[in-house]
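Open the model in your viewer and follow along, one selection at a time. We will begin with the whole chain and then go to individual residues.

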Amino acid sequence: LVVIAMGVKPNTSFLKNTNIEMLSNGAIIVDECGRTSVKDVYSAGDCATIKNLVTNENMYAPLATGARSEERRVGKEC
């Protein structure tokens, strides 16, 4: 059995006409605490960006490891 999954894209189209900043693929841009560009709105998991440790840029990587570390930080005081 061979399964190929390609083109994973966050389901954030319902946020299109909001002030929430997103990457071109729809991933929600967040800071190190999970805050979005809208006050008191947080995001984490497979719809949010993570910070690339090498380039320090926001990137979309829908992996369990990134989502797990985000869940520990989101909503906590930074």
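This is a predicted model: local features need pLDDT of at least 70, side-chain atom pairs count only at pLDDT 80 or more; totals for chains, interfaces and linings use all residues.

Residues are numbered from 1 along each chain as its sequence is written, and side-chain values use heavy atoms, with hydrogens and water left out.

**The overall view**

Switch to a cartoon display. The protein chain has one helix and two strands, and from the N terminus on these run β-β-α. Here helices (H or I, at least four residues) and strands (E, at least two) are DSSP runs, numbered from the N terminus.

The protein chain has an accessible surface of about 5900 Å², and carbon and sulfur atoms account for 54% of that; the areas come from the Shrake-Rupley method with a 1.4 Å probe, and for residues only the protein chains shown count as cover.

If you like to display contacts (heavy atoms within 4.5 Å), consider those between residues at least 6 apart in sequence: 30% of them join residues at least 24 apart.

**Stop one: A44**

Select A44, which you will find in the segment before strand 1 (50-51). Next, draw a distance from A44 to I29: they are 15 residues apart along the chain, and their C-alpha atoms are separated by 9.7 Å.

**Stop two: the salt bridges**

How many salt bridges does the structure hold? There are two, each being a side-chain nitrogen of Lys or Arg within 4 Å of a carboxyl oxygen of Asp or Glu.

Show the side chains of D31 and R35 to see one of them, with 2.7 Å from N to O. D31 is partly exposed at 26% relative accessibility, and R35 is also partly exposed, at 35%.

Then move to D40 and K39, which form a salt bridge with their closest N and O atoms 3.8 Å apart. Are these residues buried or exposed? D40 counts as exposed at 62% relative accessibility, and K39 is exposed with a relative accessible area of 70%.

Notes. Buried means under 20% relative accessible area, exposed over 50%, partly exposed in between (1.4 Å probe, protein chains only).
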